[in-house]
Amino acid sequence: MEGDSKGDTNMGSPSNSQQTISDDDEIDYSVKPEFYDPELDDKDELWVQKKRKGSNSDAVLSCPACFTTLCLDCQRHERHVTQYRAIFVVNCKVDSNKVQHSHQKPKRNKRSREAGENQADLADGETFKAVCCSVCSTEVGVIDEDDVYHFFNVLPSES
């Protein structure tokens, strides 16, 4: 009898192929899925076009840590192809505590030497403030004195 009771427990096992029900058998295809919208891509595209006001962008920029959208309208740097600049951004915060200064030395030419101009007078240093993702605080770029954002730590995607 022990053998028979052991056989009964195997019959009630979910791994028994006669007892297993396929997920497809449980899905009711007559009911519209709650979280699916077949027109969502078209709606998203219209929203982006409205935000861009007809201008074209080189990329849509996202945070590399949390994938939050940071910029819909940007321009790729001519020499540094992984860097972008933009004026209008979303989900970004400026960290005024992190300030960087750049001291660019202008190219010396014959006229500036003849005119007796001081190199220190020509070297205008720019001040940059760190820009972080407002969702996860990852540093994604800097903002200059002219309020132009310069992104260098972002994920670009086709726009």
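In what order do the elements of the chain run from the N terminus on? They run α-α-α-β-β-β-β-β-α-α-β-β-β-β, where helices (H or I, at least four residues) and strands (E, at least two) are DSSP runs, numbered from the N terminus. This is a predicted model, in which local features need pLDDT of at least 70, side-chain atom pairs count only at pLDDT 80 or more, and totals for chains, interfaces and linings use all residues. Residues are numbered from 1 along each chain as its sequence is written, and side-chain values use heavy atoms, with hydrogens and water left out.

**View 1. The largest nonpolar core has 16 residues.** Such a core is a set of buried Ala, Val, Leu, Ile, Met, Phe, Trp, Tyr and Cys residues joined through side-chain atoms within 4.5 Å; buried means under 20% relative accessible area, with a 1.4 Å probe and protein chains only. Leu61, Leu70, Cys74, Tyr84, Phe151 and Val154 have the most contacts inside the core. Strands E2 (69-71) and E4 (84-86) are among the elements that give it two or more residues.

**View 2. Here we look at the surroundings of Phe151.** Beyond its neighbours within four places in sequence, Phe151 is in contact (heavy atoms within 4.5 Å) with residues including Leu61, Tyr84, Val89, Cys92 and Val140.

**View 3. Strand E7 pairs with E6 and with E8.** Pairing requires at least two bridges found by DSSP. Four bridges join E7 to antiparallel E6, with Val131 opposite Gly141. Three bridges link E7 and E8, also antiparallel, and here Ile143 faces Tyr149. Four of the five residues of E7 are buried.

Technical notes
Buried means under 20% relative accessible area, exposed over 50%, partly exposed in between (1.4 Å probe, protein chains only).
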